[in-house]
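Have the sequence and the 3D view ready.

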Amino acid sequence: MALLLAAGTPAGAAPAPALWDHVGYDAEDSWFNPRETAITTSTVRRLVRKWSVRLRSAETCSSFSGPIVAGGRVFVGDLAGITAYDAATGARRWSHDWGGSTEGGTPRMAVADGLLVVGYNDCTSVSDPNPVLLALDVRTGLRRWSADPPLIGAMIVDKGAVLVSGTDVSGDSGTVAYRVRDGRELWRAPGRRIGGTSANGTVAGFVAGDSKAYDIATGTVRWTVKRHLLPDAATPAGDVFYGTGDKERLVAVDVKNGVVRWTAPGPSELIATDGTRLYRSDGEAIVALDARTGKQVWRRNLPAYGGQPVVAGGVVYAGGIALDASNGTAITGPPPLGGDLVVTGGVLYQSHEGTLTAYTVRG
């Protein structure tokens with residue numbers, strides 16, 4: 001679970017160690033780095049390229065993934081598998097290729113206990129996805145364990161557990177949790193689909209008209225409600241789920257008991273939250289909502305499709321540009337910021353069109 005940055009932290013403070021160890025920054029999938037103090041609204045316009053590398057290519061149906069950062073490494077899915085680069089220099093440290101006849105789709109990745117946990121499906125077949133779950137040593141890339149889950153739609157790593165969940169082409173759902181340390185199965189919930197976020201160890205999902213919340217490590221049911229809920233994100237504090245509720249509306253739900261706090265029109269996909277505001281991609285626009293009430297705070301049209309918003313240092317990155325998180329004002333001067341971004345340790349890492357680039361503040 002992410003910790004909120006103290007309000008008095010000065011903008012010019014030395015950057016915290018580089019860490020973005022889940023695709024969405026944390027197990028909450030908040031897409032918000034509260035520790036970034038070097039790249040801010042006042043410095044983002046001075047970004048310059050630090051290093052850049054071409055990602056591996058191959059004749060496969062695979063696709064490039066967004067990066068994650070941990071242990072001095074940047075991990076990214078490429079067309080041949082997964083590669084680890086030195087976070088400071090861009091030097092390639094190791095690569096893991098797709099195994100056997102499997103061609104991996106976009107991998108789900110997270111780092112925990114010195115392991116890079118990876119889940120992916122064979123992209124050559126929808127009806128027979130041949131899901132793969134494995135753990136690689138962060139420093140060497142050596143395989144430590146592997147498992148054969150029935151489905152990989154969502155993957156969550158939290159509290160020493162990795163949970164995979166999904167629905168197959170025939171409409172059958174399932175969820176299985178494994179121990180991160182050695183891959184041993186912890187619990188399973190046949191027929192249950194879980195959303196892709198953990199709120200401080202609580203996960204939730206639905207089946208046949210009701211939604212249940214579980215402890216990710218034990219499978220203990222924490223509450224049940226008679227309505228649809230599929231969480232896509234949670235607050236950094238882990239006290240509120242945001243997800244798709246009944247009638248395809250965005251819903252904010254209390255993690256402790258499943259009570260709805262508020263609803264808003266539209267789906268919940270592609271959102272980020274810093275605990276104060278919730279930022280939602282809406283085609284070629286981004287909308288900021290009050291995290292307590294769901295009321296719109298600001299809306300900004302973008303020059304391109306917004307994609308997944310990313311929040312760090314008081315800046316929202318969306319649609320290839322940088323915005324002031326407080327009011328949506330566009331910040332002029334940064335380089336083009338399309339593709340998948342993470343911002344950590346005073347560096348912005350960008351995976352875009354087969355190139356991985358690191359930017360830092362000039363001077």
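## Core, sheet and disulfide

The largest nonpolar core has 43 residues, and Ile39, Tyr279, Ile286, Tyr317, Leu348, Tyr349 and Leu356 touch the most other members. Such a core is a set of buried Ala, Val, Leu, Ile, Met, Phe, Trp, Tyr and Cys residues joined through side-chain atoms within 4.5 Å. This is a predicted model: local features need pLDDT of at least 70, side-chain atom pairs count only at pLDDT 80 or more, and totals for chains, interfaces and linings use all residues. Residues are numbered from 1 along each chain as its sequence is written, and side-chain values use heavy atoms, leaving out hydrogens and water.

Leaving aside residues up to four places away in sequence, Tyr317 touches, among others, Ile39, Leu341 and Leu348 (contact means heavy atoms within 4.5 Å).

Next, the sheet. Four strands (DSSP E runs of at least two residues, numbered from the N terminus) form an open sheet in the order β2-β33-β32-β31, with antiparallel pairing (at least two DSSP bridges between two strands). β2 (47–54) and β31 (340–344) are the edges; each has a single partner strand, so one side of each lacks a neighbour in the sheet. β31 is joined to β32 (residues 347–352) by 5 bridges, and Leu341 has Gln350 as its bridge partner in β32.

Finally, the structure holds 1 disulfide (cysteine sulfur atoms within 2.5 Å), joining Cys61 to Cys123 with S to S 1.9 Å. The torsion about its S-S bond is about 90 degrees, so the disulfide is right-handed. Buried means under 20% relative accessible area, exposed over 50%, and partly exposed in between (1.4 Å probe, protein chains only).

| Cysteine | Relative accessible area | Class |
|---|---|---|
| Cys61 | 35% | partly exposed |
| Cys123 | 28% | partly exposed |
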